[in-house]
Amino acid sequence: MGITEKAYGKINLGLDVIGRRDDGYHLVKMIMQNVDIYDTLVFEETDDGSVSVVSGSDKVPCDESNLVCRVANQLKENFGITKGVKISLDKKIPVAAGMAGGSADAAAAYRALNELWGIGLDEKKLCELAVKLGADIPYCIVGGTALSEGIGEELTTLKDVPDFSLVVAKPDIDVSTGWVYKELDSSKVEVHPDIDGIRASIESGDLTKMCSLIDNVLEKVTRSKYSVIGEIEQILLQNGALGAYMTGSGPTVFAIFDDATKAEEGYRAVRESNLAPECFLTRPINPNR
Ligand code: ATP
């Protein structure tokens, strides 16, 4: 019984910060891409009105601070819902990794509770509510390949990326997103990623061009403090990756391969290095297909 939802993680095929709003939010220009690494959430209605979450992971909170509880409470308040929900969360997306795991779970909660509680909102309305809880949640509701602008709420769906093999590796370090943005603010960004060029290469299906352009303005900041990021990238490049990059504010690294065998070798080499306890051999995905 209940509703089961998959919540897919994302990588950034480009990330630029182009300014800052008066309220402190950063203005971004990013290309978002879902990958086939997902959390599974089961939503079961309860009659007593309570909202709870259970999870086998000790890395995510199991109280009201969990984003899925915040989504449930927001919907209850906004739409006068008296029913409750028990949410079971099987966490596979690395936590605090730059993969929007919490936002993906929140998006899954919007989709499931909209149905479970019969609220009947369309995607646009769900996104309007979602941006109040997190700038990446609207993208996670829409999914696939998308250009994300503003603080993350202005979304343009793009053509699916050409298929490729992907190694995703998260080193065992904790990076504070707040610290990364603070460092970025105090430094002068000399080279901005060519987000329009990346978009054009996706639209024309040119994987080699896309890999030559992918860039993340936050990578320089995080990599300068955590050398393990560069070390993992080197291993992946030595094994034939077309490119190796950081996603979000890090510390997760991903590498793109046009050859599945090389990707497998790269994956094995990272595992053997013991530099990234959470390591995946995966692919990009569009959950809407
Ligand atoms: P982003 O890429 O959007 O910056 P992230 O991948 O860096 O996100 P998350 O995995 O979303 O980071 O987790 C950030 C923090 O949010 C965690 O430290 C955790 O305490 C909290 N959190 C709340 N709810 C969740 C959830 N459902 N899943 C993961 N983390 C959650």
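**Entry 1: helix H2**

I began with the buried residues of H2, which are Gly101, Ser103, Ala104, Asp105, Ala106, Ala107, Ala108, Ala109, Tyr110, Ala112, Leu113 and Asn114. Buried means under 20% relative accessible area, exposed means over 50%, and partly exposed lies in between (1.4 Å probe, protein chains only). I took helices (H or I, at least four residues) and strands (E, at least two) as DSSP runs, numbered from the N terminus.

For the record, this is a predicted model, in which local features need pLDDT of at least 70 and side-chain atom pairs count only at pLDDT 80 or more, while totals for chains, interfaces and linings use all residues. Residues are numbered from 1 along each chain as its sequence is written, and side-chain values use heavy atoms, with hydrogens and water left out.

Twelve of the 16 residues of H2 are buried, so the helix is largely enclosed by the rest of the structure. H2 covers residues 101-116 and reaches 22 Å from its first C-alpha to its last, close to the expected 22 Å; the expected span is 1.5 Å times one less than the number of residues. Gly118 follows H2 and has a positive phi, near 60°.

**Entry 2: strand E7**

I checked E7 (residues 165-170) next and found six of its six residues buried. On one side these are Ser165, Val167 and Ala169, and on the other Leu166, Val168 and Lys170. I count two strands as paired if DSSP finds at least two bridges between them. E7 runs antiparallel to E9 (residues 253-257), joined by five bridges, and Ala169 has Val253 as its bridge partner there. E7 also pairs with E10 (residues 278-282), antiparallel over five bridges; Val168 is partnered by Phe280.

**Entry 3: Phe254 and the core**

I looked up contacts of Phe254, where contact means heavy atoms within 4.5 Å. Phe254 is among the residues touching the most other members of the largest nonpolar core, which has 96 residues; Tyr110 is another. Such a core is a set of buried Ala, Val, Leu, Ile, Met, Phe, Trp, Tyr and Cys residues joined through side-chain atoms within 4.5 Å.

**Entry 4: Val189**

I placed Val189 in the loop between H5 (177-186) and H6 (195-203). Val189 is partly exposed, at 25% relative accessible area. Outside four places in sequence, Val189 contacts Leu184 and Val217. Asp16 is 173 residues from Val189 in sequence, but 9.9 Å away C-alpha to C-alpha.
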